[in-house]
There are 2 protein chains.
Amino acid sequence: MSVEGSQLAEVLRAHGLRVTAQRQLVLDAVRDLGHATAERVHEAICGKVTGVNITTVYRTLDLLESLGLIAHTHLSHGAPVYHLAGNRGHVHLVCHRCGAVDEIDPEVFDGLRRSLEQQRGFLLDVGHVALFGICASCEKANL
Amino acid sequence: MSVEGSQLAEVLRAHGLRVTAQRQLVLDAVRDLGHATAERVHEAICGKVTGVNITTVYRTLDLLESLGLIAHTHLSHGAPVYHLAGNRGHVHLVCHRCGAVDEIDPEVFDGLRRSLEQQRGFLLDVGHVALFGICASCEKANL
DNA sequence: GTGATTGCAAAACATTTGCATTCCA
DNA sequence: TGGAATGCAAATGTTTTGCAATCAC
């Protein structure tokens with residue numbers, strides 16, 4: 001927390017922006033939750049401190065994303081989900097049945113990326129990809 | 001139009017549901033538009049006839065989907081996009097820049113599907129997949 | 001002190017619901 | 001005719017915006 005906190009402060013100052021408690025709280029919540037919607041981030045913050053408005057959460061998520069600190073993906077029902085951007089993009093596996101979100105290494109996409117690029121000239125952005133299906137545990141439970 | 005129209009009538013009657021002009025209009029619009037949100041379907045219908053309510057469009061899209069005639073995918077900004085379900089699932093390529101939606105054959109996923117299944121036990125549902133990136137024409141325009 | 005940031009309330013937007021009316025069967 | 005389907009209006013839920021108050025610098 002302290003480490004990420006100070007990183008945030010550096011980035012903010014480097015852009016001439018101000019370091020506020022709200023911004024640290026939002027970044028912390030995104031990190032702690034792993035994958036979370038704006039509303040879940042807000043809930044998490046309300047569990048710690050009081051008086052942080054949902055409006056600020058929306059604004060801060062946008063800000064942190066434009067700073068490259070976090071990124072969002074569209075998983076199932078349309079609610080954008082935020083996660084730390086730090087490490088190179090990861091791919092989301094969403095289970096249709098239980099809603100679990102798993103992450104996989106983007107290198108499984110290398111073959112696909114290459115063929116899309118050659119056949120279509122389409123440059124795949126792995127960070128925004130979400131794949132739907134049935135996860136292993138739901139599959140077992142169903143048998 | 002007449003062919004799909006009569007198919008629709010058959011399916012509706014087979015389920016004890018009523019054949020209405022609105023249902024045919026919505027199905028026609030989805031087919032004609034290729035990929036469209038509820039709102040775009042509504043606009044398209046309003047261009048032909050007057051007095052079809054957006055509420056009915058939402059209800060009818062749900063109905064047609066539960067009948068297996070259409071399907072929806074979540075492309076970018078959270079608005080569900082509907083398309084004909086008929087032929088086996090296709091995969092959507094969405095351009096981040098211009099918003100164009102292209103379709104590709106699911107077989108490009110075969111390699112990926114196999115490794116996900118072996119490594120993770122994850123059963124990929126190709127129909128709901130949306131891939132983001134930059135399409136060929138935007139890429140060219142940018143250079 | 002000054003201007004960026006926040007909180008609040010209200011607006012905007014998309015979708016759903018209740019209920020009276022319409023119309024297919 | 002009877003009940004499903006529709007239209008309308010209002011409710012709901014989420015995200016955005018305007019503006020005054022606050023707080024980091």
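1. A residue is near a molecule or strand if one of its heavy atoms lies within 4 Å of it. This is a predicted model: local features need pLDDT of at least 70, side-chain atom pairs count only at pLDDT 80 or more, and totals for chains, interfaces and linings use all residues. Residues are numbered from 1 along each chain as its sequence is written, and side-chain values use heavy atoms, without hydrogens and water.

2. Start with DNA strand D. Of its atoms within 4 Å of the protein, 67% belong to sugar or phosphate, and the rest to bases.

3. Gln22(B) has a side-chain N or O atom 2.9 Å from a sugar or linking oxygen.

4. Now the protein interface. Contact means heavy atoms within 4.5 Å. In chain B, 33 residues are in contact with 34 residues of chain A. Arg120(B), Phe122(B) and Phe132(B) lose the most area to chain A in chain B, together 22% of what that side buries (accessible area lost on being put together, 1.4 Å probe).

5. The rule finds 2 salt bridges across this interface (a side-chain nitrogen of Lys or Arg within 4 Å of a carboxyl oxygen of Asp or Glu). Asp102(B) forms a salt bridge with Arg120(A), with the closest N and O atoms 2.8 Å apart.

Notes
Chains are lettered from A and ligands numbered from 1 in the order in which they are written. A polar contact is a pair of N or O atoms within 3.5 Å; within protein, one must be able to donate a hydrogen and the other to accept it, and residues adjacent in sequence count only if both atoms are side-chain atoms. Buried area is the accessible area (1.4 Å probe) that two parts lose on being put together, summed over both.
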